[in-house]
Amino acid sequence: MMLPAPDYRGLRALSLVSAIYLILMLAWGYHAHWALRDGERAAILLAVVLSFLTPLVFPRCWRSARVRSMLLTYVALIVFSNFSAALGYFLVTTDAPLVDATLSRWDIALGFDWVAYCRWIQQHPWADLWLKYGYKSFIVQFPLMVIYLSLTRRFKQLSDFCGGMVVSMIITHVSSWFYPAAGAGKYYAAQLAVDMSGLSDFEPLRSGALRTVDPTALQGLISIPSYHTVLAVLFTCAFWRTRLAWPVLLVNISMILATPKFGGHYVVDVITGAMTVAVSIALWRKITFTYAGNLPYTSDSSTQAL
């Protein structure tokens, strides 16, 4: 029986951009005298991540297209995500002026009252709990997506997710470099107190007091565009036309609704996040246009291996 072969274009994009990010951070760090905090813990973390590849030393696992795709992609996503978050630390240190006042005005022009929205959530414990877990759902969605799409041989959907993530992250980094923002949670702190401890490294980085990176405690410091929104759309697209499509859609709607309060985002951040992922998907399709058409098929032993 001829079965779809793995599509490694997204995996290659993850690997290539991860390597570029690493080189960029090493050069930037050397020039600006950055340091790695607790290098031993970082080495242990890297070893744990790479240990996920251990099953591939067994021929039966390596011959299985589904197992090979699942493990390689999952490790690549972890490495890329951490390198991207670490690069965000370097970008925060630039001297570009904050654009919070402008983003706040745009929110008001759109009729969105950030303080009232977040206060309503705080006043309704059920909503607060629901959106809190919705915001953190990406932690579960990443492995679920990789496992499900690999085991059901939806290799192209998995590749497109990876490609969309790479392109959208590049756009996000470039945007935040020139137009940084502290976020609505900090901008409106005098009017409403929300937990922004997850962004505690922002001010020390901007002031120059912090010049170390702890790979075991990286924070998502980019406000615009909202990358949670980007991930919500990418996850929904990845699971579309599967049995999990509608549950995943509902979870990701919750993630988007949670971003103003739990991510400290303006609603403009959410809108630009949706625009970013739309552009990213279009660009990824353009990049892979020369490979358009049906993916190759294989009769390997993947089915028997599982």
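Me: Buried means under 20% relative accessible area, exposed over 50%, and partly exposed in between, with a 1.4 Å probe and protein chains only. Why is Trp120 called partly exposed?

Reply: Trp120 has a relative accessible area of 40%, so Trp120 is partly exposed. This is a predicted model, where local features need pLDDT of at least 70, side-chain atom pairs count only at pLDDT 80 or more, and totals for chains, interfaces and linings use all residues. Residues are numbered from 1 along each chain as its sequence is written, and side-chain values use heavy atoms, without hydrogens and water.

Me: What makes Trp126 exposed?

Reply: The relative accessibility of Trp126 is 52%, and therefore Trp126 counts as exposed.

Me: Why is the pair of Trp120 and Trp126 called edge-to-face?

Reply: Rings of Phe, Tyr and Trp (its six-membered ring) pair if their centres lie within 6.5 Å; planes under 30 degrees apart count as stacked, over 60 as edge-to-face and the rest as tilted. A search of the whole structure finds 19 aromatic pairs. In the pair of Trp120 and Trp126, the centres are 5.9 Å apart and the planes stand at 90°, so the pair is edge-to-face.

Me: How do you know that the charged end of Arg68 sits over the ring of Trp62?

Reply: A charge sits over a ring if NZ of Lys or CZ of Arg is within 6 Å of the ring centre and within 35 degrees of the ring normal. For Arg68 the distance to the centre of the Trp62 ring is 5.4 Å. Lys261 likewise lies over the face of Phe262, 4.3 Å from the ring centre.
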